[in-house]
Amino acid sequence: MSETATPRRTLIKGAKILGGRPQDVLVENGTIAEIGSGLPAAGATVIEADGRILLPGLVDLHTHLREPGREDSETVLTGTRAAAAGGYTAVHAMANTFPVADTAGVVEQVWRLGRESGYCDVQPIGAVTVGLGGKQLAELGAMHDSAAGVTVFSDDGKCVDDAVIMRRALEYVKAFDGVIAQHAQEPRLTEGAQMNEGTVSAELGLTGWPAVAEESIIARDILLAAHVGSRLHICHLSTAGSVELVRWAKSKGWRVTAEVTPHHLLLTDELVRSYDPVYKVNPPLRTETDVLALREALADGTIDIVATDHAPHPHEDKDCEWGAAAMGMIGLETALSVVQHTMVDTGLMDWAKVADRMAYAPAAIGRLAGHGRPVAVGEPANLTLVDPAYRSLVDPAGFVSRSRNTPYKGRELPGRVTHTFLRGRATVTDGNLT
Ligand SMILES: NC(=O)N[C@@H](CC(=O)O)C(=O)O
């Protein structure tokens, strides 16, 4: 991205900022220079928005980029391209790589690869414990002080199940306003678990994953965070009971935030009847009651953000029998469409709330500078232009992620990201990566 002597100008004409009335937005040298009507197009690349929705560039707090170690499923480059295609300008990269991102060296490597990709900013997440082993705290301070400036720590994929380790981690990051993002899964209650514990698991004879395995850890960690006065973020909430616990923590004024994935806003465990491992995910797909509670909680702010938990896997790890398949589904390229479908088209949220749950709030939780900023003069031009009227059947062949494990194949979803701008530079134009 070289700066040139002549100013780089883009004029986005007639865009509905956060769904408001159509306006022109002039972007100059990476910054929003002017907002108004009838702005002059001289010397600018003009984009006719035709009433499409202009949002702040989306920010994901939970992406698995797989590099280093599992470049067969995703790399920082392919993952950031998928992110840009989905309207994201920044992603937080989870630590469950090989080697694990538990040292300053590894997080700096991921951070550097992100800078080189040019499609999307990458903010590494550091592991809480060495090797995600749950026994010994990783070098949290060194990762924070490194060039990567890590503020979010998570053993995601594994739960920090030892209460003393969790307490120490919360205490440690408090010194630099960090946050522990917990993957809430009580290990003993989920040994061999294959899907949500309930009617469907009983009928199918698959080992169940009870809601209480998630909720018991959340309850414990809320109390620990309150005791320590530190910041706790709860990854991928999946049950109605988890929502109640977070609501209670917030009513107490405790520093607890939570995320929900697009797939937990739409899909239920009924899909497991197909035995298609594309629906195998951690935490598992739950029931209709849970889905409706999660939607309501996202709308009323009990759940702060949507996070993709984009979990790419190569086909040999997914196209096999249910029991042997890896858990996880990709999500970066479909997240906004699923949110439009489940939250906007249902009348539960407007586009301003989408901007909050998918850009402002995730950037705030991650303390990420330059992202999740209002669409306003003087702000960095990290922007996403969406056509909400577009309808299409999801076709994984068109995806830019290296993996294809989407649960939405063949499903009709609304909306399409037509343009993404990273500091004023188009990473996506007319729906195609640039
Ligand atoms: N969400 C998933 O189903 N999978 C995640 C890790 C995890 O949370 O198990 C992955 O890294 O594949």
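The model is predicted: local features need pLDDT of at least 70, side-chain atom pairs count only at pLDDT 80 or more, and totals for chains, interfaces and linings use all residues. Residues are numbered from 1 along each chain as its sequence is written, and side-chain values use heavy atoms, with hydrogens and water left out.

View 1. A polar contact is a pair of N or O atoms within 3.5 Å. A polar side-chain atom of Arg-66 is 2.7 Å from a ligand oxygen atom. For His-313, a side-chain N or O atom lies 3.0 Å from an oxygen atom of the ligand; for His-183, the corresponding distance is 3.4 Å. Of the 310 Å² of accessible area that the ligand has on its own, the protein covers 93% (Shrake-Rupley method, 1.4 Å probe).

**View 2. The parallel sheet.** Strands are DSSP runs (E, at least two residues) numbered from the N terminus, and two strands pair if DSSP finds at least two bridges between them. Five strands form an open, parallel sheet in the order β9-β10-β13-β14-β15. β9 (152-153) and β15 (305-306) are at the edges, each with a single partner strand, so one side of each lacks a neighbour in the sheet. β9 pairs with β10 (residues 179-182) in the parallel sense over two bridges, and Val-152 has Val-179 in β10 as its bridge partner.

Definitions and conventions:
Polar contact = N/O pair within 3.5 Å; in protein donor to acceptor, adjacent residues only side chain to side chain. Helix = DSSP H or I, 4+ residues; strand = E, 2+ residues; numbered from the N terminus.
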